[in-house]
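Student: Could we go through this structure together? I'd like to know what the words used for it really mean.

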Amino acid sequence: MSRNRELLLNNASFGYRGAPVIADATLRFREGCVTAILGSNGSGKSTLMKGILGLADCLNGQISLDGRDLRQLSDMERARTLAYLEQQADCHWPMPVEKVVELGRYPYRHHRLPAQDLQAIDRAMDIADVKAMAGRKVSQLSGGERTRVMLARALAVDAPILLADEPVAGLDPQHQLSVMQHLRSWSSDGRIVLVVLHDLNLALKYCDESVLVTPDRQLISGPTAQVVNEENVRRAFGVRSLVGSHEGQPYILPWDVESC
Amino acid sequence: MARAADVMSVNQCVDQMVGYLAPDRLSSVTWLSHEQTNLEIFPLLKAIPANHGEIEEVMNLQPAMIIGGQFGAPGLKSLVKKFGYDWHELSLPQDLDALYRNWEQLGAWLGQESRAHDMVTRLQTGLGDIQKNLAPLNIQAMVVNANGWVAGNDNFQDAYLRALGLSNIAAERGIQGWGQVSLEQLIYWQPDLIIVPDSLFGGQARATQWMDHPALKKVHSRYPMVKVDAGWLSCGTPALLRAAKEIQRHILQHENNPSASVFIHHVVNKESDHVT
Amino acid sequence: MSRSLLLTTLTMGLLAVMAVSLMTGRGAGLTWPGWDWQSQLILWEIRLPRTLLAAICGAVLGMAGAVLQGWLRNPLADPGVLGISSMSALGAVMAMYFGLFTVSWMVPLAGILGAIAGFWILITLIGKESGILLIVLAGAALNAFSSAMTALMLNLAPNPFAMQDMLFWLMGSFEHRSLEHLWLIALPVLIGMTLLYRLSPALDVMALGEDTAHSLGISGRRVLWSVGLGTALAVGACVSVAGVISFAGLVVPHLLRPLTQWQPRLLVLPSALAGALLLVCADVLVRMLPPGQELRIGVVTALLGGPFFLWLLRHVRRAEVEL
């Protein structure tokens, strides 16, 4: 029936005002897969995401979903295709949580199916575990709670592709793990999920594939277990790590700054 | 006997009055007199250098006499006296007698008593003739100045209206000195004639534009509103007489032809025959 | 408070003060209009246009304030505070006193162009992401500059009465307006308010920030154009017939925000109604004073809005907006 969905970057360069930050990226993101985007601060992880979204300029190359150029989509079509969770996402006014999550349905406002909307909102709030605070104002929530509300907002879009920029920053370990768990199950519904992460172990545990952006703007991509190894981590972050495994699951512990 | 130009004027009305009595002696007029107007005295004053009422200008000109008004330039007045110049000032007239006294006074200062006397006679007879014509008509008039300011009792404009043989409805309605009227009051008062001092030059201003309000056009007054150049009414010179003649002409014209009363009559736009 | 209750209350309130306004004469107090032709003429030709104009300008300012605040995520935004109104007054003054007044619609057109210029200077040169206080500061500078330029223009104007119009332009007034003025601004106000009103659903999304709004299908450029043109058309037209009336657009959205669940989208329509209510009230107040008292409507709104603005500034500085 439906073939496997595939988000394809072909020789794509992204940047601002004509200056590329990510150059000649050729990457493939498959449905049902969570892909971690890793790299040091300022390496261009967010730019990669913004390039896909059209927030950064696409200087050359193609971005396509199932062979269809994403840049040909109208604003609303693109919004229904790509959901985006901004880094340090926040809501400026103290709106009720429920109303914030509802905003995820904005791309459907011209052909709204109330039942479908309600279902998507309900599910998103469930997954992000924000149902209990539905009636409260976002301004009254803690930072971590707010992050989850924003995640729910992004999930409510119910798009085939989810781009989440550091969705677990500022969350406690339990919520970090549960958010990652939910992103994973979200992808298993036939969606493509991209997550910018700083925690290598969350990548190892929950992400099938990874893209590692090195300081010299090289992209190393592949199955996470292969990408996140001691050598690559040293190259990307300049740190020496301890590696190990638990019940067949690898983990990696950045231990020491590499001396020159 | 031609004397050198040695009189400096620091008041717009004084500019004009000296212009009539002793034009050769005017060495300097206020800058306001250089602004475009259609006063008959304008070309004469325009040719005389302008001052801004500064003490430096006085010292530069070394005039034999400086003449100002009662309320203008208080700072200049004290400086001028301090430096020992000959300062004269005319009081602000509140009625026509005071205006005539001002002419006589100015004539005495300038040594032009007979010219001053002729001027007073000219104004008196001119206004007297008009009064004879208009008084029998029993017209309730009012002058509505910019932003709705109207003259009540104890006011030169009130005296002027009475000199024309018109009764001032604003004074009758209890306005003292200066007062402000609204459109609504104008509609209720229903004067027979509204006189609007307006500017012929420089396009529109909200301050006078409101008298074009459509509601006023729907009031069937005895005579249509008449717009007179504001400059003609601001000083007691022959322009005052000229304005009076225009008002008389307007009244008599519409007295014979009342059906035309819907339209506002723009007196000022037609006058060009009066340039010296 | 439910939305329909809020809208009904505001509408009823607006209708009530409009009725009061129709019965209020300048310096005459509140009187029931008689059936004589004078009272009828005054009612339909003087008080009705004045009341409608006050309501329309109030609606424009309230709506523009709500939209600008939502769009900029800035509780201090308002066409007056940002200098858009005074730039528009400058444009109108330049047209009116310097010979462009051959056709009556030139003044509103110039007012609109002035507003566009003000908006452009503010947003394109200063940048809308430059922080709440910086943009307010830029607005203050623009305000000071354009008010001074307006004064200069009136000084230089060839018409000797131009100087007497200074208060009108700087402080606003609905005095002496006729139905002609209403027709003159009807079209730009209608288009402007439509543009602004159509933005309201997007305003909620804008609360999530520019990038997220983009990801939800909102084109920043299109919104910029709508806000800019909508504000300029509606505010520019109003200023050209009523002068600058400041703070109305600032106060109104704030008072309503708690009643609309802090959702910028739900704020737009009530703000328009409440803005109309406020200005009609203020205009009634102005007329209650005896003639000769030169109280302007802008003074009334500033008396209300000035202290409010300072109070807001203090809160914004402390902890953003939990107001």
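This is a predicted model: local features need pLDDT of at least 70, side-chain atom pairs count only at pLDDT 80 or more; totals for chains, interfaces and linings use all residues.

Student: What is the mean pLDDT of chain C?

Tutor: On that scale, the mean pLDDT of chain C is 90, and 94% of its residues reach 70 or more.

Student: What makes chain C agree with a compact globule?

Tutor: Compare two values of the radius of gyration, which is taken over C-alpha atoms; the globule rule is 2.2 Å times the number of residues to the power 0.38. For 323 residues a compact globule would come out near 20 Å, and chain C has 19 Å, so the two agree. Along the principal axes, the C-alpha atoms of chain C fill a box of roughly 60 × 50 × 35 Å.

Student: How many of the residues in chain C are buried?

Tutor: A residue is buried if 20 or more other C-beta atoms (placed from the backbone) lie within 10 Å of its own, exposed if 12 or fewer, and partly exposed in between. By that count, 58% of the 323 residues in chain C are buried.

Student: Which residues touch the most other members of the largest nonpolar core?

Tutor: A nonpolar core is a set of buried Ala, Val, Leu, Ile, Met, Phe, Trp, Tyr and Cys residues joined through C-beta atoms within 7 Å. The largest one has 194 residues, and among those touching the most other members are Leu163(A), Val195(A) and Cys238(C). Apart from that core lies another, of 74 residues, including Leu193(B) and Ala239(B).

Student: Why would nonpolar side chains be buried together?

Tutor: In soluble globular proteins they simply tend to be.

Student: Which pair of chains shares the most contacts?

Tutor: Two residues are in contact if their C-beta atoms, placed from the backbone, lie within 7 Å. Of the 2 pairs of chains in contact, chains B and C share the most contacts, with 25 residues from chain B and 27 residues from chain C. Helix 9 of chain B gives the largest share of the chain B side, 4 residues.

Student: How many residues of chain A are in contact with chain C?

Tutor: There, 22 residues of chain A are in contact with 20 residues of chain C. Helix 2 of chain A gives the most to its side, with 4 residues.

Student: How far apart are the closest C-alpha atoms of chains A and B?

Tutor: They lie 43 Å apart, and no contact joins chain A and chain B.

Technical notes:
Residues are numbered from 1 along each chain as its sequence is written. Chains are lettered from A and ligands numbered from 1 in the order in which they are written. Helices (H or I, at least four residues) and strands (E, at least two) are DSSP runs, numbered from the N terminus. pLDDT is the predictor's confidence in each residue, from 0 to 100.
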